[in-house]
There are 2 protein chains.
Amino acid sequence: MARPTPLSGFPEWLPAQRIVEQHVLDVLREVFELHGFASVETRAVEPLDQLLRKGETDKEVYVLRRLQADPEDQAVPAGGDLLGSTLGLHFDLTVPLARYVLENAGHLEFPFRRYQLQKAWRGERPQEGRYREFTQADIDVIGKDTLSFHHEVEIAQVIAEAFARLPLPPVRLQVNSRKLIEGYYLGAGVAPEQVGDVMRVVDKIDKVSADTVVAMLTDDVGLSTEQARACVALTQVTADGDELAGKVKALGVQHPLLDEGVDALARVLMGAARLRSDRFSVVADLRIARGLDYYTGTVYETRMQGFEHVGSICSGGRYDALASDGRMTYPGVGISLGVTRAVGPLLSRGLLTASRSTPTCVLVALPDEESRASLQQIATALRSRGVATEVSPTAAKYGKQIRYAERRGIPYVWFPQDEGTHQVRDIRSGEQVDADPRAWVPPEADLRPSVSGSADL
Amino acid sequence: MARPTPLSGFPEWLPAQRIVEQHVLDVLREVFELHGFASVETRAVEPLDQLLRKGETDKEVYVLRRLQADPEDQAVPAGGDLLGSTLGLHFDLTVPLARYVLENAGHLEFPFRRYQLQKAWRGERPQEGRYREFTQADIDVIGKDTLSFHHEVEIAQVIAEAFARLPLPPVRLQVNSRKLIEGYYLGAGVAPEQVGDVMRVVDKIDKVSADTVVAMLTDDVGLSTEQARACVALTQVTADGDELAGKVKALGVQHPLLDEGVDALARVLMGAARLRSDRFSVVADLRIARGLDYYTGTVYETRMQGFEHVGSICSGGRYDALASDGRMTYPGVGISLGVTRAVGPLLSRGLLTASRSTPTCVLVALPDEESRASLQQIATALRSRGVATEVSPTAAKYGKQIRYAERRGIPYVWFPQDEGTHQVRDIRSGEQVDADPRAWVPPEADLRPSVSGSADL
């Protein structure tokens with residue numbers, strides 16, 4: 001077989017890169033579990049009619065077919081009832097969660113706190129930060145009929161804590177509020193039935209000029225020029241928790257729902273601000289519009305410094321009806337971190353590295369093949385204290401065995417001495433000391449591979 | 001939306017069941033990493049021509065199609081060059097590993113030790129222990145041009161250590177050797193070119209009678225009756241390391257390759273026997289034939305007591321050419337544990353359970369909603385020492401908050417007292433003691449959910 005080439009959009013990592021990715025996933029899992037989120041995994045597939053419920057994502061779905069399926073399964077789905085029996089790969093973890101909650105509602109405790117670290121697939125054109133196969137890390141809190149606002153604060157706190165511990169470039173969590181926007185629009189004289197249309201037009205402000213948005217709001221939606229200018233003015237506001245109320249008040253629009261939204265957003269900002277650092281900031285950004293027309297409360301987006309072009313790496317919000325079975329409605333709030341979107345570009349550019357390409361901390365040198373069985377007892381003793389250990393694959397000259405360790409970044413080589421004594425060498429410094437296999441442990445920092453960012457990061 | 005129903009063959013677990021599955025995966029990862037195996041993940045898809053290389057598995061492959069693909073991508077693969085551009089979901093982790101090794105050979109260090117915990121998909125008819133989506137745990141050691149025999153011993157040792165730590169019913173690792181079988185056949189007078197045919201016929205011995213196998217060996221392969229009977233006699237041998245040589249010798253067949261095979265198999269048995277217990281045994285079983293016609297050395301299978309009907313839960317072996325790019329050949333030895341095959345039936349039958357359905361160890365009770373912010377400091381303090389903590393979602397009566405914890409199996413409820421003092425109650429025993437949020441830790445056994453098997457297991 002000829003040497004295969006990579007598939008565009010399906011990233012794979014070398015072992016040292018995978019150690020970085022695993023570290024990120026381990027940090028996320030630890031933070032989520034410390035906050036009482038339980039792991040859920042859903043199957044990779046959903047019925048096509050579920051995947052297409054929102055209509056807009058249909059072009060991205062991978063449809064499955066069994067190669068040797070029965071003839072009736074072979075048909076290309078042409079709409080209608082076939083959609084329910086045709087399977088596609090999920091393109092996010094929210095559609096599967098909604099289905100899982102409905103399917104298992106009788107066996108879950110609400111509010112239901114779950115995290116989910118899984119792959120998803122979209123048939124999009126690949127580019128940096130945009131992949132056809134990618135790993136997502138989602139947390140959601142799902143209520144039954146009701147869900148308290150404080151969970152909107154909590155989600156920001158949990159993800160802030162995760163960012164504070166992840167080896168990423170500085171990230172900026174941007175929050176907005178459906179209530180604030182809607183209250184402001186109403187206060188500016190927009191009719192309730194126009195609110196959704198205004199949001200969809202204002203969402204274009206990153207792509208067209210402010211004047212164009214004003215023209216669209218007056219010509220297409222029917223606002224007055226003054227109303228349209230007020231709507232655009234709001235998109236210019238960014239503020240932290242202390243500034244928000246003042247900056248919004250300065251725009252001169254008043255409405256009870258606006259006050260409520262300002263208060264809610266300020267509480268989200270305050271909740272996450274405790275973790276502010278030079279690597280993590282949180283700000284109200286009243287321009288972000290992600291799904292404001294279907295989210296009902298707080299909305300989150302996240303930008304990574306130097307990688308703004310990949311878009312938001314972590315997004316979500318509050319929705320009053322994640323799922324409903326007709327009798328019962330399940331409101332939720334959640335956020336989804338694009339692990340591959342955030343980490344993939346850093347790995348590809350070599351900006352995040354691991355100290356070694358293997359978990360192995362100690363290589364036991366082998367003087368001759370006959371000693372293998374007895375040296376395995378040394379390895380077993382070290383492993384019993386959590387020290388990842390390999391016995392050298394060959395009894396080559398010690399120099400060659402040391403190079404085996406060096407090429408993988410294994411920090412220690414263990415040398416059995418005469419009469420059952422032992423020495424261990426730190427091959428980075430060359431320092432070699434007496435050691436007892438029943439007691440020796442490496443410094444904590446060497447026990448596992450460490451992950452570090454380059455100076456550019 | 002109506003309440004959805006499960007998809008046959010795509011198992012999903014409730015949070016408490018998922019905790020069991022995660023525990024199994026954590027144990028596997030820890031054992032594999034302690035032995036110096038590095039994690040690799042491969043993409044879920046491979047070109048269809050790669051997946052169909054071995055021919056026999058074609059009926060099981062799920063083929064992918066983008067719903068809105070370009071017309072030329074829409075065509076159903078009809079063989080030929082389309083196979084290379086059509087993608088299917090991988091049905092195991094070995095085909096992807098072979099491709100990954102060839103693709104990245106220049107960036108890997110050999111012998112390359114990798115583990116892989118990932119899902120795979122097969123469009124088979126579902127039954128207990130056989131799923132359409134399932135998780136596999138693979139370890140392999142891959143050499144470049146050569147790979148020492150001792151890795152065949154090592155693979156058995158590593159998987160034995162994993163089984164010794166997994167909460168499964170008693171398992172029996174069964175090993176056989178291509179060399180032993182081939183040497184025995186040659187010693188019994190089978191011609192070298194008949195060896196493969198004999199193996200394939202003898203492999204049917206579980207499905208047809210010994211007499212039928214003898215008839216097929218004489219009529220179809222052309223052996224003498226005496227030769228055929230000798231081949232069948234070998235399938236009756238099971239032995240531990242001490243007995244193997246004697247039991248094989250008693251059959252009266254001699255050949256240098258047989259001696260070599262007996263010696264090799266005895267070393268594999270001895271290597272794994274250290275971990276023998278009432279829950280793990282290892283035995284030479286000269287009947288097992290899994291892939292003996294393409295494996296070249298040791299072959300492994302594993303049966304789980306009480307679940308023999310699901311087949312082997314952990315299989316693998318030595319192959320002299322996992323992959324080849326024409327210039328270089330990569331021999332390997334590995335084993336693949338069917339996590340879903342082994343754990344799925346136990347979860348479905350309720351034979352493995354977790355002590356709680358959430359990672360949360362402590363619920364901080366909330367006297368009133370105004371206290372939420374200050375009580376979060378208690379939660380933060382506990383989390384800083386690794387204690388998973390939630391603040392109660394509501395300031396309901398304490399009885400109701402305690403029931404929130406009870407329903408999830410959360411063992412401790414934290415009660416703030418007057419003047420900044422605190423008490424923590426073990427709600428299983430009712431014992432309530434003074435506690436300091438900056439110092440208190442639960443007993444180690446309560447820190448994380450524990451997993452236990454029922455008495456039936």
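Colleague: How does the domain assignment divide chain A?

Modeller: Into three entries. Domain 1 spans 15-40 + 94-352, domain 2 covers 45-89, and domain 3 takes 362-448. Keep in mind that this is a predicted model.

Colleague: How far apart are the C-alpha centres of domain 1 and domain 2 of chain A?

Modeller: They lie 29 Å apart. At the contact, domain 1 of chain A gives 7 residues and domain 2 of chain A gives 7 residues. Helix 5 of chain A supplies the largest share of the domain 1 side, with 3 residues. By class, that domain 1 side has 3 nonpolar, 1 polar and 3 charged residues.

Colleague: Next, the sheet. In what order do the 5 strands of the open sheet in chain A run?

Modeller: The general idea comes before the case. Strands in a sheet pair through backbone hydrogen bonds, in a parallel or an antiparallel sense. In chain A, the open sheet has the order 15-14-16-17-18, and its pairing is mixed.

Colleague: Why is one side of strand 15 and of strand 18 of chain A left without a neighbour in the sheet?

Modeller: Strand 15 (389-391) and strand 18 (432-434) of chain A stand at the edges. Each has a single partner strand, so one side of each lacks a neighbour in the sheet. On average, neighbouring strands of this sheet are turned by 25 degrees against each other, direction ignored.

Colleague: Which helix packs on this sheet?

Modeller: Helix 14 (residues 372-383) of chain A. This helix touches strand 14 (362-364), strand 15 and strand 16 of chain A. The direction of helix 14 makes about 175 degrees with that of strand 15 of chain A.

Colleague: In what sense do strand 16 and strand 17 of chain A pair, and over how many bridges?

Modeller: Strand 16 (residues 412-416) and strand 17 (residues 422-426) of chain A are antiparallel, over 5 bridges.

Colleague: Now chain B. How many residues does each chain bring to the contact between chain A and chain B?

Modeller: Chain A brings 62 residues and chain B brings 61 residues. Several elements of chain A each supply at least two residues, including helix 1 (15-34), strand 3 (62-66), helix 14 and helix 15 (398-408). The chain A side divides into 25 nonpolar, 15 polar and 22 charged residues.

Colleague: Which strand of chain B pairs with strand 3 of chain A?

Modeller: Strand 3 (residues 62-66) of chain B. The pairing is antiparallel, over 5 bridges. A:Arg66 has B:Tyr62 as its bridge partner.

Colleague: At what angle do helix 1 and helix 6 of chain B pack?

Modeller: Helix 1 (residues 15-34) and helix 6 (residues 150-165) of chain B pack at about 145 degrees, with axes 10 Å apart. The crossing is right-handed. Helix 1 of chain B contributes B:Val27, B:Leu28, B:Val31 and B:Phe32. Helix 6 of chain B contributes B:Val158, B:Glu161, B:Ala162 and B:Arg165. That makes 6 nonpolar, no polar and 2 charged residues.

Colleague: On to the backbone. Which peptide bond of chain A is cis, with omega near -5 degrees?

Modeller: Start with the background. Most peptide bonds are trans, and most residues other than glycine have a negative phi. The bond from A:Phe110 to A:Pro111 is cis, with omega near -5 degrees. A:Pro111 sits in the loop between helix 5 and strand 5 of chain A. In chain B, the bond from B:Phe110 to B:Pro111 is cis, with omega near -5 degrees.

Colleague: Is A:Asp145 buried or exposed?

Modeller: Exposed, with 9 other C-beta atoms within 10 Å. Its phi is near 70 degrees, a positive value in a residue other than glycine. A:Asp145 lies in the loop between strand 6 (133-142) and helix 6 (150-165) of chain A.

Colleague: Where is B:Glu419 found?

Modeller: In the loop between strand 16 (412-416) and strand 17 (422-426) of chain B. B:Glu419 has a positive phi of about 55 degrees, although it is not a glycine. With 5 C-beta neighbours inside 10 Å, B:Glu419 counts as exposed.

Colleague: Is B:Val141 buried or exposed?

Modeller: The cut-off for buried is 20 or more other C-beta atoms within 10 Å. B:Val141 has 25, so B:Val141 is buried. This residue lies in strand 6 (residues 133-142) of chain B. Leaving aside neighbours within four places in sequence, its contacts include B:Pro111, B:His151 and B:Val333. The C-alpha atoms of B:Val141 and B:Phe37 are separated by 8.4 Å, with the two residues 104 apart along the chain.

Key: Residues are numbered from 1 along each chain as its sequence is written. Chains are lettered from A and ligands numbered from 1 in the order in which they are written. This is a predicted model: local features need pLDDT of at least 70, side-chain atom pairs count only at pLDDT 80 or more; totals for chains, interfaces and linings use all residues. Two strands pair if DSSP finds at least two bridges between them. Helices (H or I, at least four residues) and strands (E, at least two) are DSSP runs, numbered from the N terminus. Axes are lines fitted to C-alpha atoms, for helices over the stretch in contact, and angles run from 0 to 180 degrees between N-to-C directions. Two residues are in contact if their C-beta atoms, placed from the backbone, lie within 7 Å. Ala, Val, Leu, Ile, Met, Phe, Trp, Tyr, Cys and Pro count as nonpolar, Asp, Glu, Lys and Arg as charged, and the others, Gly among them, as polar. Domain bounds come from an automatic or database domain assignment. A crossing is left-handed if the near helix is turned anticlockwise from the far one by less than a right angle, and right-handed if clockwise. A residue is buried if 20 or more other C-beta atoms lie within 10 Å of its own, exposed if 12 or fewer, and partly exposed in between; C-beta atoms are placed from the backbone.
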